Every structure is written in C-alpha cells, then in structure tokens.
Amino acid sequence: MFQLSSQTAPLSKAEHYAELAVQARSLLADEHDLIANAANFSSLVFHSLPDLNWAGFYFHDGKELVVGPFQGKPACIRIALGHGACGTAAQTRSTQLLRDVREFPGHIACDTASQSEVVVPLIAPDGTLIGVWDVDSPSVARFDHEDARGMALLCAVFIELAWARAAH
C-alpha cells in the first residue's frame, strides 16, 4: 500500500517538489488507468502541499476543457480554450502563475475563496493537448516561480507514467 512520506526535517520548496515527484512515480508506477491515476495524483498533491483549496485536472475533449479528477469543492465543469487561467494555459501552452487572481483579466472564479493559482498545460509527447493541471489557494501570493517549476515537474511525471501508458 502507498504511504505518504512524512519528513521530519524541513525541506526547501525545491526538495519538497522533488520528494513529491518520487512519491508520484511510486503511486503511478503500477496502474494503467488514466482516471485512477489522475484521482490519486490529485489527492497526493492536495494532501502534501499546505494552503491549497483545489487541485485537479481539466482534460481537453477536442473542443474545450472538461473537469477531471480533483480534490476540493465542486468546480466549473467546462472551460473554453482562451478563457480564464485554465483556458489560457491550454491555448498558449504556457504555465499561468497568478499570485492574485483579481489581477488576471477574465479570471473564472469557480470557488470565490481562491486567491492565487498555478495552471500547467499538459502536452502529450506527440504535441497533443491533454488538458491542464490546476492548483488553487485561498491565500494571495501562495505560489511563486518555484511552485510553477515544481508543478511542471510533477506534471511531467504524470504524463510519462499515467498518460503515456493509458489507452486513449
């Protein structure tokens, strides 16, 4: 059975993300079902990082983003490409780091408690848009560039182990 790692010594943010990547590899290593892996990945991140109120996936269905497995309050179900931070990340294929969501024009407030956000586009090895990984916090400035890099590292593990091996 998988066990969340509990460190006794404080880790730097980069070390914490590296440890989470190791845990994600272990968690996803033996499962081939995409939804099961996405659900467990969401739970791992949500329960391993402080001050989060939402962590989850939006998968691209060929036209728009559709909510996938997540941890947190109920979310927006569909997001058009180019709309909000998730749609912008998907359309531009670039990570969106919102230190204060109120400063992002067109921000979609699925949960009004969310004050900061990181959205990482998920791109398959063949260049196909898979969707986005979205993490929200109720605190302004919860996320910085180190968090964005850490989330991108975690997403690379997800794509390698969950997406690449799943039947599409």
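This is a predicted model: local features need pLDDT of at least 70, side-chain atom pairs count only at pLDDT 80 or more; totals for chains, interfaces and linings use all residues.
The lining of the largest cavity is made up of 10 nonpolar, four polar and five charged residues.

**The cavity**

Across the whole structure, a search finds one cavity of 30 Å³ or more. The largest cavity holds about 160 Å³ of space. Its lining comprises 19 residues, and those closest to the centre are Ile108, Cys110, Glu117, Asp134 and Asp136. Two or more lining residues are contributed by each of β1 (54-60), α3 (84-92) and β6 (129-137). Of the elements, α3 supplies the largest share, with three residues.

**Helix packing**

Two packed helices are described by the angle between their axes and the distance between the axes.

| Helix pair | Angle between axes | Distance between axes |
|---|---|---|
| α1 and α4 | about 15 degrees | 9 Å |
| α2 and α4 | roughly 155 degrees | within 10 Å |
| α1 and α2 | about 150 degrees | 10 Å |

*α1 with α4.* Helix α1 spans residues 13-28 and helix α4 spans residues 145-163, with an angle of about 15 degrees between them. Because of that angle, α1 is roughly parallel to α4. Their crossing is right-handed. On the α1 side the contact involves Lys13, Ala14, Tyr17, Ala18, Leu20, Ala21, Ala24, Arg25 and Leu28, which meet Glu146, Asp147, Gly150, Met151, Leu153, Leu154, Val157, Phe158, Glu160, Leu161 and Ala162 of α4. By class, the residues of this contact are 14 nonpolar, one polar and five charged.

*α2 with α4.* Helix α2 covers residues 34-48, and its axis crosses that of α4 at roughly 155 degrees. An angle over 145 degrees counts as roughly antiparallel, and α2 and α4 therefore run roughly antiparallel to each other. The crossing of α2 and α4 is right-handed. From α2, the residues Leu34, Asn37, Ala38, Phe41 and Val45 take part, and from α4, Met151, Leu154, Cys155, Phe158, Ala162 and Trp163. The contact of α2 with α4 has 10 nonpolar residues, one polar residue and no charged ones.

*α1 with α2.* The axes of α1 and α2 lie 10 Å apart at an angle of about 150 degrees, and the two helices are therefore roughly antiparallel. The crossing of α1 and α2 is right-handed. Here His16, Leu20, Gln23, Ala24, Leu27 and Leu28 of α1 make the contact with Asn37, Asn40, Phe41, Leu44 and Ser48 of α2. The residues of this contact divide into six nonpolar and five polar, with no charged residues.

Technical notes:
Residues are numbered from 1 along each chain as its sequence is written. Side-chain values use heavy atoms; hydrogens and water are left out. Axes are lines fitted to C-alpha atoms, for helices over the stretch in contact, and angles run from 0 to 180 degrees between N-to-C directions. Helices (H or I, at least four residues) and strands (E, at least two) are DSSP runs, numbered from the N terminus. Angles under 35 degrees count as roughly parallel, over 145 as roughly antiparallel, 65 to 115 as roughly perpendicular and the rest as oblique. A crossing is left-handed if the near helix is turned anticlockwise from the far one by less than a right angle, and right-handed if clockwise. Contact means heavy atoms within 4.5 Å. Ala, Val, Leu, Ile, Met, Phe, Trp, Tyr, Cys and Pro count as nonpolar, Asp, Glu, Lys and Arg as charged, and the others, Gly among them, as polar. On a 1 Å grid over the protein atoms alone, a cavity is a set of points where a 1.4 Å probe fits but cannot get out, and a pocket is an open set with protein on both sides within 12 Å along at least five of seven lines; lining residues have an atom within 4 Å of a point. Grid points are joined across faces, edges and corners, and a volume is the space filled by probe spheres set on the points.
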